[in-house]
Amino acid sequence: MKRVIVILTTILVSSFSLFAQTMSEEQIKDEVYNVIKGIHSLQCDFIQTKCVRMLAEPSVSYGAMAYQQERKLRWEYKRPFSHTFILNDTQVQIQDKNGKENIDVEKSRIFKEVVKMMNDDILGQSLKEGKLFSVTCTADNNEYIATLSSQNKRTKSLFSTIVLHIDRVKRVLTTIEISSKGGDTSKLSFHNIVVNSSVDNTLFNIN
């Protein structure tokens, strides 16, 4: 589940570099959909706060992420532990203190399903058609808030809701809150976001 959340979060992060001005809910959805198609790469730092029902205290970790079309992703935890997830087309590599593990996406049911969702443009479909998520959008003086609720078995098995917070002035996604069907939550805050700039391809090397 942890690995799936990493990929799904990246899909959402790479989908937003947004707009200001007052808009209706439908205008917000249209603008988001149009912006999705223009994102080719993204780099940022992140802070992840995870709350598990069985634990008294939340866990907090820090790291960096790099994304590039087509299907290239590096999600690296730096503190308080070292753990790196790399997706390069149909290959995945997990790096941690125990070494490296290579995974063929085509032979993994979970990864195969998530990559299919990436290719199918799950967020764009939901904004336009509402097939995988129902989407509601609101706004206050500082941010737009988009709430995605799972609509079918395919997405409900991964999470129940995703809440996106978008800064109205800076025009970027700043926070994602993910709730699983079991009640656990993950909050990801993004900083130093760079969109559509050159990304070092060696970040995605799998060896």
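Residues are numbered from 1 along each chain as its sequence is written, and side-chain values use heavy atoms, with hydrogens and water left out. As the model is predicted, local features need pLDDT of at least 70 and side-chain atom pairs count only at pLDDT 80 or more, whereas totals for chains, interfaces and linings use all residues.

Strands and helices are DSSP runs numbered from the N terminus (strands: E, at least two residues; helices: H or I, at least four), and two strands pair if DSSP finds at least two bridges between them. Strand β10 (residues 172-179) pairs with strand β9 (residues 161-167) in the antiparallel sense over 7 bridges. Within this pairing, V172 of β10 stands opposite D167. β10 also pairs with strand β11 (residues 185-195), again in the antiparallel sense, over 5 bridges. Here I178 faces S186 of β11. The two strands β10 and β11 form a hairpin with 5 residues between them. In the turn, G183 has a positive phi of about 105 degrees.

Aromatic pairs were assigned to rings of Phe, Tyr and Trp (its six-membered ring) with centres within 6.5 Å; planes under 30 degrees apart count as stacked, over 60 as edge-to-face and the rest as tilted. By this rule the count comes to 4 aromatic pairs. One of them joins F46 and Y77 edge-to-face, at 5.5 Å centre to centre and with 90 degrees between the planes. Because F46 lies in strand β1 and Y77 in strand β3 (residues 72-79), this pair ties together parts that are 31 residues apart in sequence. Accessibility was classed by relative accessible area (buried under 20%, exposed over 50%, partly exposed in between; 1.4 Å probe, protein chains only). F46 counts as buried because its relative accessibility is 1%, and Y77 is likewise buried, at 2%. Y77 also forms an edge-to-face pair with W75, at 6.5 Å centre to centre and with 65 degrees between the planes. W75 and Y77 are both buried. Ring pairs link F46, W75, Y77 and F81 into a cluster. A charge is taken to sit over a ring if NZ of Lys or CZ of Arg is within 6 Å of the ring centre and within 35 degrees of the ring normal. R79 lies over the face of Y62, at 4.3 Å from the ring centre.

S41 is placed in strand β1 (residues 41-51) and is buried, with a relative accessible area of 6%. Contacts (heavy atoms within 4.5 Å) of S41, leaving aside neighbours within four places in sequence, are made with Y67, Q68, V194, V195, N196, S197 and V199. A polar atom of the S41 side chain lies 2.8 Å from the backbone oxygen of S197.

Q95 lies in strand β5 (residues 91-96). Although 12 residues separate Q95 and H83 in sequence, their C-alpha atoms are 5.7 Å apart. Beyond residues up to four places away in sequence, Q95 touches S82, H83, T84, I86 and K100. The side chains of Q95 and Q93 are joined by a polar contact of 2.5 Å (N or O atoms within 3.5 Å; within protein, one must be able to donate a hydrogen and the other to accept it, and residues adjacent in sequence count only if both atoms are side-chain atoms).

The structure holds 0 disulfides, a disulfide being a pair of cysteine sulfur atoms within 2.5 Å. C44 is buried at 4% relative accessibility, whereas C51 is partly exposed at 35%.
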